[in-house]
Amino acid sequence: MGFVDSVTYGFACKCGATESIKLVEYGSSYGSRWSDPKPMKNFEVKWARGFVPSIQSATCKKCGGTPTIT
Ligand SMILES: [Zn+2]
């Protein structure tokens, strides 16, 4: 198992809540897989399973707003 790739998503809500999450891809001679996204403290995130995990929707837990994703 080796470290192959990573992607970081940042979330910023208009109410001031911010958080970021880093996903890591592990590879082996049999293929690779992405680590499961951990639950976030400030945002409720639905992940889309694809070649690279992407965000289907995200909601701020504090105000219910939709954060800007960077
Ligand atoms: Zn908010």
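Strands, as the term is used in these legends, are DSSP runs of at least two residues, numbered from the N terminus.

**View 1. The whole chain in a predicted model.** In this predicted model, the chain follows the pattern β-β-β-β-β-β when read along the sequence, which comes to six strands and zero helices. Taken along the principal axes, the C-alpha atoms fill a box of roughly 45 × 15 × 15 Å, and buried residues account for 11% of the 70 residues in the chain. Among contacts between residues at least 6 apart in sequence, 33% join residues that are at least 24 apart.

**View 2. The largest nonpolar core.** Seven residues form the largest nonpolar core of the model, namely Tyr-9, Phe-11, Cys-13, Phe-43, Val-45, Ala-58 and Cys-60. At least two residues of this core are supplied by each of strand E1 (2–12), strand E4 (43–48) and strand E5 (54–60).

**View 3. The surroundings of Cys-60.** Cys-60, one of the residues of the largest nonpolar core, is in contact with Cys-13, Cys-15, Ala-17, Asn-42, Phe-43, Gly-65 and Pro-67, leaving aside its neighbours within four places in sequence.

**View 4. Ser-32 in strand E3.** Ser-32 has its place in strand E3 (residues 31–34), and this residue is exposed because 12 other C-beta atoms lie within 10 Å, where the cut-off for an exposed residue is 12 or fewer. Not counting residues up to four places away in sequence, Ser-32 touches Val-4, Glu-25, Tyr-26 and Gly-27. Of these, Val-4 is 28 residues apart from Ser-32 in sequence, while their C-alpha atoms are 8.2 Å apart in space.

Methods
Residues are numbered from 1 along each chain as its sequence is written. This is a predicted model: local features need pLDDT of at least 70, side-chain atom pairs count only at pLDDT 80 or more; totals for chains, interfaces and linings use all residues. A nonpolar core is a set of buried Ala, Val, Leu, Ile, Met, Phe, Trp, Tyr and Cys residues joined through C-beta atoms within 7 Å. A residue is buried if 20 or more other C-beta atoms lie within 10 Å of its own, exposed if 12 or fewer, and partly exposed in between; C-beta atoms are placed from the backbone. Helices (H or I, at least four residues) and strands (E, at least two) are DSSP runs, numbered from the N terminus. Two residues are in contact if their C-beta atoms, placed from the backbone, lie within 7 Å.
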